[in-house]
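Open the model in your viewer and get the selection tool ready. We will go stop by stop.

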Amino acid sequence: MDLSDTAAEAAFRRGLRDWLGKTLPELPPPPDPDDWPGRRAYDTSWQRRLYDAGYAGVHWPVEAGGSGATPAEHLIYLEETERAGAPYVGANFVGLLHAGPTIAAEGSAEQRRRYLPPILSGREVWCQGFSEPGAGSDLAALRTRAVRDGDAYVVSGSKIWTSHAEVADWCELLVRTDPEAPRHRGISWLILPMDAPGVTVRPLRTLAGTAEFAELFLDEVRIPVGNRVGAENDGWRVTMVTLSFERGTAFASEVLAGRRALGALAARAARDGAWNDGELRRRIGLLAAEFTALWRLVQWNVSEAGAGGVPGAGASVFKLRFSEARQRLYDLAAEVLGSGALLLPDQADQADRSDPAEPAWTAQRLQGLSYTIAAGTSQIQRNIVAQRVLGLPRPGRSGAGGG
Ligand SMILES: Cc1cc2nc3c(=O)[nH]c(=O)nc-3n(C[C@H](O)[C@H](O)[C@H](O)COP(=O)(O)OP(=O)(O)OC[C@H]3O[C@@H](n4cnc5c(N)ncnc54)[C@H](O)[C@@H]3O)c2cc1C
């Protein structure tokens with residue numbers, strides 16, 4: 001197969017590269033990593049620039065407000081934005097990378113009209129209310145209940161690990177609408193307005209020192225029935241769509257960032273003399289091969305999503321390998337940095353500023369510990385790969401592995 005750019009793809013790449021070259025120098029300096037209102041403002045204003053230039057949701061279907069780009073153009077978009085050092089989706093990753101695509105795939109025409117344009121244009125931010133204190137890996141054990149009252153659901157319960165809840169306008173919320181049904185069949189997928197009476201957000205602090213997620217308490221919150229995506233009690237199926245976007249394509253640009261960080265690590269090792277260690281060179285080489293293979297998996301998932309609308313079970317293969325490779329990368333960086341890796345992120349930014357490819361190693365390492373948990377743990381991904389990709393027999397019931 002010929003993977004080089006066609007004439008149209010080359011023109012798309014050139015146009016995007018020129019636009020990034022003109023636009024990125026105009027951006028203000030990024031805010032402090034823990035200033036979430038500041039990050040929301042920064043990330044949504046970047047999104048607005050993409051939108052105005054016609055690059056927001058390039059791969060979203062035209063009827064969902066995107067430009068319906070081909071999978072190849074989507075991959076070019078990821079390559080060029082990463083290469084230029086453009087900001088990531090940031091505070092609205094839920095809206096742009098999985099709630100939005102889920103509404104595009106499963107929402108009604110009215111829901112697509114109402115919710116998708118503000119995501120693409122950076123006006124509204126979303127969070128994800130899937131996990132609960134007793135329902136993470138075993139997501140179908142969720143207990144937040146929704147009782148129908150006329151044209152609304154009255155929702156009570158609590159959620160945990162809700163990323164960016166403090167700055168979100170909307171939440172993709174899983175609730176139990178039929179407590180009598182088998183547990184996978186009594187769930188619905190609702191759109192919760194975060195400013196509704198009865199919603200309380202309490203921030204949680206992470207190991208990396210930031211308050212990026214929160215607990216969410218719901219006390220008799222009224223949510224219009226029209227905010228339900230999919231049929232009542234069919235929320236588990238809709239959730240599988242959300243999770244396949246979350247695992248299959250949401251981390252795509254981070255693979256390229258990982259590859260760049262690995263190159264910077266090799267350069268630093270060469271400068272420091274650590275490169276003389278043959279074992280270290282072998283491990284860097286293995287990781288380079290892994291990141292190249294991961295980019296192939298991204299290409300696969302993106303083209304599968306382009307053909308069928310949604311990435312398939314290969315999403316779990318990617319999520320598993322990517323999150324583990326990312327951790328190995330930053331563990332290796334800690335070895336190269338030596339005792340410098342023990343400094344906390346707010347004590348030192350160990351990036352060598354003479355090399356623009358260098359990330360802040362300790363901050364990335366601490367953050368990276370969460371990658372094999374968020375979006376479903378490695379153990380759960382292995383179960384899914386065993387059962388749905390390899391066709392091995394089930395040892396017992398297992399869940400979908402959270403949001
Ligand atoms: C940075 C970060 C951001 C997150 N953001 C969100 C968010 O925005 N919204 C949201 O809803 N959730 C979010 N989560 C929650 C995340 O989805 C859950 O933490 C995850 O699904 C694991 O659930 P748990 O924490 O309840 O662990 P548990 O389910 O208690 O699992 C504990 C351990 O047991 C293992 N285990 C459990 N069941 C099995 C099994 N059947 N077979 C083998 N091993 C098993 C797990 O793999 C894990 O190692 C986030 C988590 C992190 C770390």
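How many residues lie between β2 and β3 in their hairpin? Two residues lie between them. Before you select anything, note that this is a predicted model: local features need pLDDT of at least 70, side-chain atom pairs count only at pLDDT 80 or more, and totals for chains, interfaces and linings use all residues. Residues are numbered from 1 along each chain as its sequence is written, and side-chain values use heavy atoms, with hydrogens and water left out.

**Stop 1: the hairpin**

Select residues 145–149, which is strand β2. Strands here are DSSP runs of E with at least two residues; helices are runs of H or I with at least four residues; both are numbered from the N terminus. β2 and β3 run antiparallel and are joined by five bridges. Two strands count as paired if DSSP finds at least two bridges between them. Click V147: its bridge partner in β3 is V154. Now click G150 in the turn, which has a positive phi of about 65°.

Buried means under 20% relative accessible area, exposed means over 50%, and partly exposed is in between (1.4 Å probe, protein chains only).

**Stop 2: across to β7**

Select residues 213–224, strand β7. β3 and β7 pair in the antiparallel sense over nine bridges. Find S163 and look for its bridge partner in β7, F213.

Stay in β7 and click E220. E220 has a positive phi of about 50°, although it is not a glycine. E220 counts as exposed because its relative accessibility is 55%.

**Stop 3: two loops**

Go to T206, in the loop between β6 and β7. At 18% relative accessibility, T206 counts as buried. Set aside its neighbours within four places in sequence, and T206 is in contact with E212 and F213. Contact means heavy atoms within 4.5 Å.

Next, select P197, in the loop between β5 (187–193) and β6 (199–204). P197 counts as exposed, at 70% relative accessibility. Draw a C-alpha to C-alpha distance from P197 to D219: they are 8.3 Å apart in space and 22 residues apart in sequence.

**Stop 4: a helix crossing**

Select residues 7–23 for helix α1 and 36–53 for helix α2. Their axes come within 12 Å and cross at roughly 140°. Axes are lines fitted to C-alpha atoms, for helices over the stretch in contact, and angles run from 0 to 180 degrees between N-to-C directions. α1 and α2 are therefore oblique to each other. Angles under 35 degrees count as roughly parallel, over 145 as roughly antiparallel, 65 to 115 as roughly perpendicular, and the rest as oblique.

Which residues make the contact? Show W19, L20 and T23 of α1, then W46, R49, L50 and A53 of α2.

**Stop 5**

Jump to A375, in the loop between α10 (361–368) and α11 (378–389). A375 has a positive phi of about 65° although it is not a glycine. A375 is buried, with a relative accessible area of 1%.

Finish at A109, in helix α5 (residues 109–120). A109 counts as partly exposed at 43% relative accessibility. Draw a line to G340, 231 residues away along the chain: the C-alpha atoms are separated by 54 Å.
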